[in-house]
Amino acid sequence: MKRTIVTLFAMILLLSFNGIAQFSQQLGQCNTATSTRIQCGYFEEGYQDGVGDAQGNRNNDYKRYRNKLDGSKYEASYQQGYDAGFSSIKPYQKWDSSQRNIYDDGFRDGDNDRKKNISRLAERYEGQYNRTYEAFYKQGYYDGFDNKARQYDTILGAVPTNNPTFPTNNPTFPTIPTVIGTVTGSLSWGGRVDDRVNIVIRGSESTTQIISGNSGMPNSQTMNGVLPRRPATISVNKNEGRGDAIVTQQPSKENNYTAIVQVVDSKRGADDYRLNIFWQSTAPVDEPYQSGRATWRGRVDITGNIIISGSEIQSQNISGNGTFTQSQNVSGYLARRPGSISVRKTDGRGNISIIQQPSSENDFIGIVQITDTEKGADDYEIEITW
């Protein structure tokens, strides 16, 4: 009887130590009760490398740092730290077979578009996959187009059952600024965050994306300046809030000069945050000329603008009951330099005109205006070349 009680007590004690160890690893801390100082040193170094890889959007692979390991004696400790650090930025979530298959479909389409040297536009494949899994398709597409390794089992956000919409690294903004960007600038942001939120900045616009959790929309935000269409360095200061604020994307040509700051609140419940986000751009340098073509199809009532910026095309309603995009495609890149665009209408009853050519005064964008003065809306197709 005594032997049974002792055995049971030992099992409970072992399970308790294991639970503490797992909890400590989730917090990014080495469990000193079960690990030596050397093991904890390797754990902490692995943790920092895992965080760095996740922030750099690299795949989860601790083996790229094997040169840091002394043989294989402490590899397990380093790997535990690396996995804990990586998952603190990109939490783990097991995907089912449907999610993996949709991601793979997107990855193949993105990889093919990259090899064909056409624009980075996942929307061209809308209607060819189950919209319930849109987040997984688009993540696969962007990974494939950006020539990254496949990355399964990461949290992409909740998947609603009706009319799903998901945040991406290429959010749609209602307008594009038509004023020149400023060398320096800032965004003051305040809001209540539960779990994970992205603050996305492009031009004179900022949007807030709830990645996971139940809250995160701003209660205050003030922008001073315009994020320019040229490389800039983003930094963030957290003035209030218990979690972390991390710059996860610096503006570049590849992301159409879009910056992303992520707020991570891993504790239970929500907390109030106040951030100051700053940018400092480099000296303006004209990009090499690159010819290209954009095709836009949509429906216009009275007046709508079609805006070309870098590798993106957007529509803007000016007057009437709405300007709606049905499909769009960009092949090439409208460089950041003075240039000239031309336009041709292939369908539609109204008139088209170029109201802005790319210049330093509008941060090198082109704007085509469609005017439909007859009653009701009409379908249009236009081609823009440069």
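Two strands pair if DSSP finds at least two bridges between them. Strands are DSSP runs of E of at least two residues, helices are runs of H or I of at least four residues, and both are numbered from the N terminus. In these terms, tryptophan 189 stands opposite leucine 275 in β8. The structure is a predicted model, in which local features need pLDDT of at least 70, side-chain atom pairs count only at pLDDT 80 or more, and totals for chains, interfaces and linings use all residues. Residues are numbered from 1 along each chain as its sequence is written, and side-chain values use heavy atoms, with hydrogens and water left out.

Confidence is described by pLDDT, the predictor's score for each residue, from 0 to 100. The protein chain averages a pLDDT of 79, and 82% of the residues score at least 70. Over residues 4-27 the pLDDT is below 50, and this stretch has 11 contacts in the model beyond near neighbours in sequence. A contact means heavy atoms within 4.5 Å. Residues 157-178 also have pLDDT under 50. For residues 157-178 the model has 55 contacts beyond four places in sequence.

An open sheet is formed by 4 strands in the order β4-β1-β8-β5, with antiparallel pairing. Its edge strands are β4 (218-224) and β5 (232-240), each of which pairs on one side only. From one strand to the next, the twist averages 15 degrees. Strands β1 (residues 184-193) and β8 (residues 271-281) pair in the antiparallel sense over 10 bridges.

Strand β2 (residues 195-202) is mostly covered, with 7 of its 8 residues buried. Buried means under 20% relative accessible area, exposed over 50%, and partly exposed in between (1.4 Å probe, protein chains only). Strand β2 is joined by 7 bridges to strand β7 (residues 259-265), and the two run antiparallel. Here valine 200 stands opposite isoleucine 260 in β7. Another 7 bridges join β2 to strand β3 (residues 205-212), again antiparallel. The bridge partner of isoleucine 201 in β3 is serine 206. The hairpin of β2 and β3 has 2 residues between the strands, and glycine 203 takes a positive phi near 60 degrees.

Aromatic pairs number 11 in the structure. Rings of Phe, Tyr and Trp (its six-membered ring) pair if their centres lie within 6.5 Å; planes under 30 degrees apart count as stacked, over 60 as edge-to-face and the rest as tilted. The rings of tyrosine 65 and tyrosine 82 have centres 6.3 Å apart and planes at 50 degrees, so this pair is tilted. Tyrosine 65 lies in the loop between α2 (37-55) and α3 (75-89), and tyrosine 82 lies in helix α3, 17 residues apart. Tyrosine 65 is buried at a relative accessible area of 16%, and tyrosine 82 is buried at 0%.

The rings of tryptophan 95 and phenylalanine 136 have centres 5.0 Å apart and planes at 90 degrees, so they are edge-to-face. Tryptophan 95 lies in the loop between α3 and α4 (97-116) and phenylalanine 136 in helix α5 (residues 134-145), so the pair ties together parts 41 residues apart in sequence. Tryptophan 95 is buried at 3% relative accessible area, and phenylalanine 136 is buried at 2%. Ring pairs link Trp95, Tyr103, Phe107, Phe136 and Tyr152 into a cluster.

Methods. Axes fitted to C-alpha atoms, helices over the stretch in contact; angles between N-to-C directions.
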